Amino acid sequence: MARSKGIKVFAGNSNPALAKAICRILEIPLGQARIEKFPDGEIDVKIEEDIRGVDCFFIQSTCPPVNDNIMEMLLFADAAHRASAERITAVVPYYGYARKDRKDEGRVPISAKLVANCMVQAGFDRVLTMDLHAAQIQGFFDIPVDHLYAAPVIYGYFRDIRKRSGDKNITIVAPDVGRSKVARGYSKRLSAGLAIVDKRRVSGEETEVLDMIGKVEGQTCVIIDDMIATGGSIVDAAKACKKFGANEIYVACTHPVFCGPAVDRIKSAPIQECVVTDTIPMEGKEFPTLRVLSVAELLAEAIRRIHFSESVSLLFKG
Ligand code: R5P
């Protein structure tokens, strides 16, 4: 059943292009809100239209500048709650701090849980997100979470490449053991082979490849990861594929965080094409072999379904 006073979609400053694309698909104007910084760096939010009784969605990726983007989101929830919105959904295409999802040593925070706590406390009623670094982060929220996958968009792209080239020797490569389940899903859908890079993380910026499990020799390899941050993992995996005899190497991820040396590393690696989605804006970071696919349709359809209380998981059936 449609909610009583309709739907409004607002956006923070993290990804205005994606927010506009979602609104175009939903055929509604982007909600009017002013989100600015005071001279001392504090953030101020003013919702410029009446939202009493409205089903509100706030689109914000918590990509760099991570802390500002999180704060914008929390302040929006507080403002919307105090303005008597009927329901407030955080649409977080990329959820930052997700890699800190457990205590892997003493005296460290579980940052992904803290951010979830803050969002609930600030007034969000539900969350719509995509390709969380670890699916169990959904459980950090004591409110409903709809977790989408960019996979249909990404494998659709590689299915088309495969059709055009007629190449049968495709192998999906997981850049580490943690990604092997996702990679197996891709390999099934594309009827492709599967290989796994045995990787060890040396530091925040450096990784080391120990071995390759599976055959990449003579193959067109597609390395799939959830995110590229400094590019260390994906570039090491690409170099390993080359070393073990791959013909061509594509890399793909949902979240192009692209910080530090990522762009330079990817440009100078043996990578045919780097395929990413627009959960994070790429303005100013483009390079010739970068291909950006849009997840706006998926997010727009999920927003529509949430508003009309329709199944979101049905989006991924078949
Ligand atoms: C690791 O578990 C993740 O899936 C990514 O492989 C990693 O976080 C990417 O970071 P970077 O690009 O800095 O290696």
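**Exercise 1.** How many bridges join β5 to strand β6, and in which direction do the two strands run?

*Solution.* The model is predicted: local features need pLDDT of at least 70, side-chain atom pairs count only at pLDDT 80 or more, and totals for chains, interfaces and linings use all residues. Residues are numbered from 1 along each chain as its sequence is written, and side-chain values use heavy atoms, with hydrogens and water left out.

Step 1. Strands (E, at least two residues) and helices (H or I, at least four) are DSSP runs, numbered from the N terminus. Two strands pair if DSSP finds at least two bridges between them.

Step 2. Four bridges join β5 to β6 (residues 126-130), and the strands run parallel. Ala90 stands opposite Val127 in β6.

**Exercise 2.** Which residues lie on each side of β5, and are they buried or exposed?

*Solution.* Step 1. Buried means under 20% relative accessible area, exposed over 50%, partly exposed in between (1.4 Å probe, protein chains only).

Step 2. One side holds Arg87, Thr89 and Val91, the other Ile88, Ala90 and Val92, and all are buried. In a regular strand, side chains alternate between the two faces of the sheet.

**Exercise 3.** At what angle do α2 and α3 pack, and how far apart are their axes?

*Solution.* Step 1. Axes are lines fitted to C-alpha atoms, for helices over the stretch in contact (heavy atoms within 4.5 Å). Angles run from 0 to 180 degrees between N-to-C directions.

Step 2. The angle is about 25 degrees, with the axes of α2 and α3 8 Å apart. Therefore α2 is roughly parallel to α3, a label for angles under 35 degrees.

Step 3. Ile70, Met73, Leu74, Ala77 and Asp78 in α2 meet Val115, Cys118, Met119 and Ala122 in α3.

Notes. Parallel < 35°, antiparallel > 145°, perpendicular 65-115°, else oblique.
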